[in-house]
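Walk me through this structure, please.

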Amino acid sequence: MAPFSSTAELHAYQQALVERRDPDRTVIAVCYGTGCKASGATELIDALKKAVQEAGCSDRVSVMPTGCHGFCEGAPLVVVHPRRILYTKVKPRHAADIVNKTALAGEVIEPLLFVDPDTGNKVVHEGELPFYAHQHRLLLGRHSTTNPEEIDDYLANGGYGAWARILDEQIAPEAIIELIKKSGLRGRGGGGFPAGRKWDSCRNAPGEVHYVICNADEGDPGAFMDESVLEGNPHSVIEGMIIGAYAIGFPHSRTEGYVYIRHEYPLARHRLAIALDQAREKGLLGDNILGSGLSFDITVNRGGGAFVCGESTALMASIEGFPGEPRAKHIHTVVSGLYGMPTNLNNVETWANVPVILNMGVQAYRAIGTEHSKGTKIFSLVGKVNNTGLVEVPMGMTLKDIIFQVGGGIRNGKRFKAVQTGGPSGGCIPASLIDLPVDFDRLDEVGSMMGSGGMIVMDETTCMVEVARYFLNFLRSESCGKCSTCREGIARMYDIVEGITRGEGKPGDVELLEELAEVVREASLCALGTTAPNPVLSTIRYFAEEYRAHIEEKRCPAKQCKALITYRIIEDRCTGCTACAKICPTDAITGVKDQVHLIHQEKCIQCGSCYEVCPVDAISVE
Amino acid sequence: MLTFTIDGQTVQAEEGQNLLEVALAHGFDIPTLCYHPSVSAYGACRLCLVEVTQRGRSRITTSCNYPALPGISVVTRNDRIDRLRRLVMELILCRDPGNPQLQAMADRLGVDRTRLRFASRQDGCILCGLCERICRESIGADAISFVGRGHERRLATPFDEPSESCVGCLACAMVCPTQVIEFTQDADTRTIWKRTFTLVKCKECGAVLGTPEELALFQRKTGLDASYFDTCDACRKKQTATAFAAVTWGGQRP
């Protein structure tokens, strides 16, 4: 079909789509985000398609791969529409039953239902899952009903409606900026800068081109918010960017768009490329979009795997073909960014919020969240929590509610110890602050930060010194290496912390770390350096006792630092079953069957295998 | 011209100048290892920290890449700046505690040793990037660049092979603040960055003029006649003086 040349044509097409679609049609939606894909969703989809074919019901039942639903713990996930029956941990061998029993006969397959560990109740419908029930899924809500590779799915759900309404109601670009300002939307990529103010500054900066960039270089370990949004609903990001281009560069300037996306996100890249092609085919990108006079297209730029390229100036240098190194921002990128032109950069989640805000209205959006942090935030909830996955909650929800209500509490009944937020340059928040409402400012106050939304939950078996060492190790490799303070400072802080975990800590180490932290923070150029000491400073602040135990007593209270722990066999308990001796990779355990065994310390590498395998808890760790 | 203050003294600067060059031009003493007036400021060493107050807000920043702005006030030394500079110096010193140039700078800042573990590769390179900038910006050869990132960053030719675009001019070695870029030269050849060049000599006196690649590049850049590069500066001066004398005094000195 020909591209839409006006909003009237778009509306007519959408109307026809809605009329043609049967809302009661049976659709078997399979989560096909990266997590479910890794858990076998590809094979599952093939098996379901085959089962549909064998049952001869392809006229009534379809199989739809979707983006990430969020409940990664239950991967792979299947939702059978229209009743939204949820099945978790589905295997290809269940395919025939799902088609024949659920899709065709409406029966619920009990063994595939999720069992709430708290109540023992089986959850039948997607919406009843406690994991989803406490969330506010403005952005993720459509993921289980949308095929991200079909623009028609987005259009049938009112997609590109925010953009069309701007044109229908002739809302001026400046008025859009005012709306975004009023909505209170703050950048979701880390800094939390008010998006409307950024757009305004960029619009007012002179230049023959105004660039609009989507930062999809999400590099925090354990974070996959932006990946999931791009995989699940790429058109929401594209629509946000079109509206941004209109607000920032129309009609006084030319506009061009870029998405800078990690090479390591093949599925997101694939789906984004499809979405861009489909948007172009429909005339939603290109010259004179919908007859508006706005010409705008988006180029995809692949990142090469450097964490620092998530920093705006490094990202722009990388697009230009230079090494990804940040530059001083005494002149802001909104004035002189990509190719020296005014450039507005926001991250994936920020752009996806734009059509949502305009669709639901500024007042309704402002009603969600806290005084200075509006709307929702997506977190990737990972670590020692029962329900790992992607969660979207209103700003201001307490850590306790996120971890215990949405996340279902700590695994294996262990004690909650700390949560690390904000990615590698964030901080560790201790259990004593569990009632903290999560928003930009409150996280800053306690020495952490929102970052892009990683949330790593830690239990009593996590050593906080080791956590600091882990993040320093990441940062010393991911610093671009330009500033001596960041490059050498992080590396030297790593040396000290690593020494402490090996039992080589000395009195004065903590003070030296604090001195180094100051110079790294104060004298480095970009946010990577100025925030890099956070993992060390926050663990020193809240877990000083653990540092002291490592340094003075050569003891790791969490029993994780290998150099500081000893495994022994408790003679009274050992039954001589030989399990430990069999699993020991260094043959450090000897003993005769049915007699007490012995660990030879000089051979032991503290791997903990014996501890895990002992059936009678006869191994102690000190 | 714009006006601001450095340590309370009013100074004037051109728009586009950075704080460090203005401060140095006015006789203020600010330490630096990565700044050179003939190339762009980069901000790698972080020694040139100053405190800038603008509209009531103060911040510590490097002066080499901070623009001179009207009305700001700049402090080049106070206890905090001194302490931070000493810490920066300790960090830089880790790269090669025995390097004489680094030791001299450490002495100047009152740092007698570094309390930190030394870097794994102690080749004296502090990754200031002056060699790379002089090669790219001033020479225009672009023969070396940074490789890798983080604590594995280093300077190298492409793929560590002898660089095809190197002209053997030695500008990198001359500008290096720690003097660790190695080169060798004998009567007829010069070797740098693993590449050996033959040397062109002055047709008059036999003094070394440079490499053929270097001379060709400079000829291209300056547009001078090729014969200009036949002789050394001293012989050319002598030739010019002789010719001048012939025209003026008929070859006879008065």
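The paragraphs below take these topics in turn.

This is a predicted model. Start with how chain A is divided. Its domain assignment gives domain 1 (22-133), domain 2 (151-363), domain 3 (376-459), domain 4 (464-552) and domain 5 (566-621). The C-alpha centres of domain 4 and domain 5 of chain A are 36 Å apart.

Next, the nonpolar interior. In soluble globular proteins, nonpolar side chains tend to be buried together. Here the largest nonpolar core counts 98 residues. The residues with the most contacts inside it are Leu513(A), Tyr547(A), Leu47(B), Met89(B) and Ile92(B). Domain 2 (151-363) and domain 4 (464-552) of chain A both contribute residues, so this core lies between them.

Look at Tyr547(A) in particular. Leaving aside residues up to four places away in sequence, Tyr547(A) touches Val465(A), Ala468(A), Ile500(A), Val510(A), Leu513(A), Val536(A), Thr539(A) and Ile540(A).

Now the cysteines. How many disulfides does a search of the whole structure find? The search finds zero, over all chains. A disulfide needs its two sulfur atoms within 2.5 Å. The cysteine sulfur closest to that of Cys31(A) belongs to Cys36(A), and because it is 3.5 Å away, it is too far for a bond. Cys68(A) is in no disulfide either; its nearest cysteine sulfur, in Cys72(A), is 4.5 Å away. Are Cys31(A) and Cys68(A) buried or exposed? Cys31(A) is buried, at 2% relative accessibility. Cys68(A) is buried too, with a relative accessible area of 6%.

Methods. Residues numbered from 1 in each chain as written. Chains lettered and ligands numbered in written order. Predicted model: local features only at pLDDT ≥ 70, side-chain atom pairs only at ≥ 80, totals over all residues. Heavy atoms only, no water. Buried < 20%, exposed > 50% of the residue type's maximum accessible area, 1.4 Å probe, protein only. Core = buried A, V, L, I, M, F, W, Y, C linked by side-chain atoms within 4.5 Å. Domains from an automatic or database assignment. Contact = heavy atoms within 4.5 Å.
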